[in-house]
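Please open the structure in your viewer and keep the selection tool at hand.

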Amino acid sequence: MAASPLLPAGTTGGNPSLEGGIATMPPLPGTDMTGICFRDQLWLNTYPLDRNLVFDYFALSPFYDWSCNNEQLRSRSIHPLDPSHLSKMTGNEYMLSEVMEPHLFVIRKVKRDSPEKTTAMLTYYILDGSIYQAPQLSNVFAARIVVKEAIDFKELKRVDHILASLQRKLPAAPAPPPFPEGYAPPASEAEKGTEDTQNPEAQLPTVDPIIDQGPAKRMKFQ
């Protein structure tokens, strides 16, 4: 199984971009980065994107908080998603919550206070190698409340593309269960109309025996 190399000793954390020898620190935790998409095609061409290496790939992105508990495990050559070690620590950590290899991975950032208590902070998803930050629920509600909101058609197109990709990867819906034995489903309106056309006798108007009696007969007086 291929292994993603760890950072060399003495390297500053955070996947910084070096400009003139000065490391640019990543955005502060909690920063709104929903408009950012990260993708490293060279890494994807070199290593398989599965549940064992997906965290190493996520750590290359600007979404990664290098002060998390997972990074402490990585420095000790322990798998960064090992729950047996993470549950004994306190602080910020990442956990892999949903997996659909190799297309979709959902990573949640939480604050751990005890082995049983965690508080959700942010959610990220990796779709076909592209990493995104999921918008927070409060931001979604706020965007819907604003009356005059500028529509970002590029963002709408991106969301439609993501949903279409997910729909193609999801399995087809199962067939409906058969009717119980002896049960006859009711005929629809279209079927009733077809039966009436095929049966001309059904189209004959009914005769009222009281009203439609022909011309009235007058009594003759002697």
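How many residues lie between β4 and β5 in the hairpin that they form? There are 3 residues between these two strands. Before selecting them, please note that this is a predicted model.

**Confidence**

Colour the chain by pLDDT. The average over the protein chain is 74, and 55% of the residues score at least 70. Next, select residues 7-24, where pLDDT stays under 50. For this stretch the model has 18 contacts beyond four places in sequence. Where pLDDT is low, the predicted coordinates should not be read in detail.

**The hairpin**

Most residues other than glycine have a negative phi, and most peptide bonds are trans.

Remain with β5 and select K109, which is found in that strand. Is K109 buried or exposed? K109 is buried, since its relative accessible area is 1% and the limit for a buried residue is under 20%. Show the side chain of D65 as well: a polar contact of 3.3 Å joins the side chains of K109 and D65.

For β3, look at strand β7, residues 130-133. The two strands run antiparallel, and 2 bridges join them. F38 stands opposite I131 in β7.

**Aromatic rings**

Show the side chains of Phe, Tyr and Trp. A search of the whole structure finds 14 aromatic pairs. One of them is formed by F38 and Y57: the ring centres are 6.2 Å apart and the planes stand at 50°, so the pair is tilted. F38 lies in strand β3 and Y57 in helix α2 (residues 54-58), so the pair ties together parts that are 19 residues apart in sequence. Both F38 and Y57 are buried.

W43 and Y47 also form a tilted aromatic pair, with 5.2 Å from centre to centre and 45° between the planes. W43 is buried at a relative accessible area of 6%, and Y47 counts as buried at 19% relative accessibility.

Then select F55, F58, F63, Y64, W66, Y94 and Y124 together. Ring pairs link these residues into a cluster.

**Two residues with positive phi**

Select S77, in the loop between α3 (69-75) and α4 (83-86). Phi of S77 is near 60°, a positive value in a residue other than glycine. S77 is exposed, with a relative accessible area of 65%.

Continue to D128, in the loop between β6 (118-127) and β7. Here too phi is positive in a residue other than glycine, with a value near 50°. D128 counts as partly exposed, at 30% relative accessibility.

How many residues apart in sequence are I162 and D128? They are 34 residues apart in sequence, and 9.7 Å apart in space from C-alpha to C-alpha. I162 counts as buried, at 8% relative accessibility. Apart from its neighbours within four places in sequence, I162 is in contact with Y125, L127 and Y132.

**Cysteines**

For the last stop, select C37 and C68. C37 counts as partly exposed, at 41% relative accessibility, whereas C68 is buried, with a relative accessible area of 1%. A disulfide is a covalent bond between the sulfur atoms of two cysteines. How many disulfides does the structure hold? The number of disulfides in the structure is 0.

Methods. Residues are numbered from 1 along each chain as its sequence is written. This is a predicted model: local features need pLDDT of at least 70, side-chain atom pairs count only at pLDDT 80 or more; totals for chains, interfaces and linings use all residues. Side-chain values use heavy atoms; hydrogens and water are left out. Two strands pair if DSSP finds at least two bridges between them. Helices (H or I, at least four residues) and strands (E, at least two) are DSSP runs, numbered from the N terminus. Buried means under 20% relative accessible area, exposed over 50%, partly exposed in between (1.4 Å probe, protein chains only). A disulfide is a pair of cysteine sulfur atoms within 2.5 Å. A polar contact is a pair of N or O atoms within 3.5 Å; within protein, one must be able to donate a hydrogen and the other to accept it, and residues adjacent in sequence count only if both atoms are side-chain atoms. Contact means heavy atoms within 4.5 Å. pLDDT is the predictor's confidence in each residue, from 0 to 100. Rings of Phe, Tyr and Trp (its six-membered ring) pair if their centres lie within 6.5 Å; planes under 30 degrees apart count as stacked, over 60 as edge-to-face and the rest as tilted.
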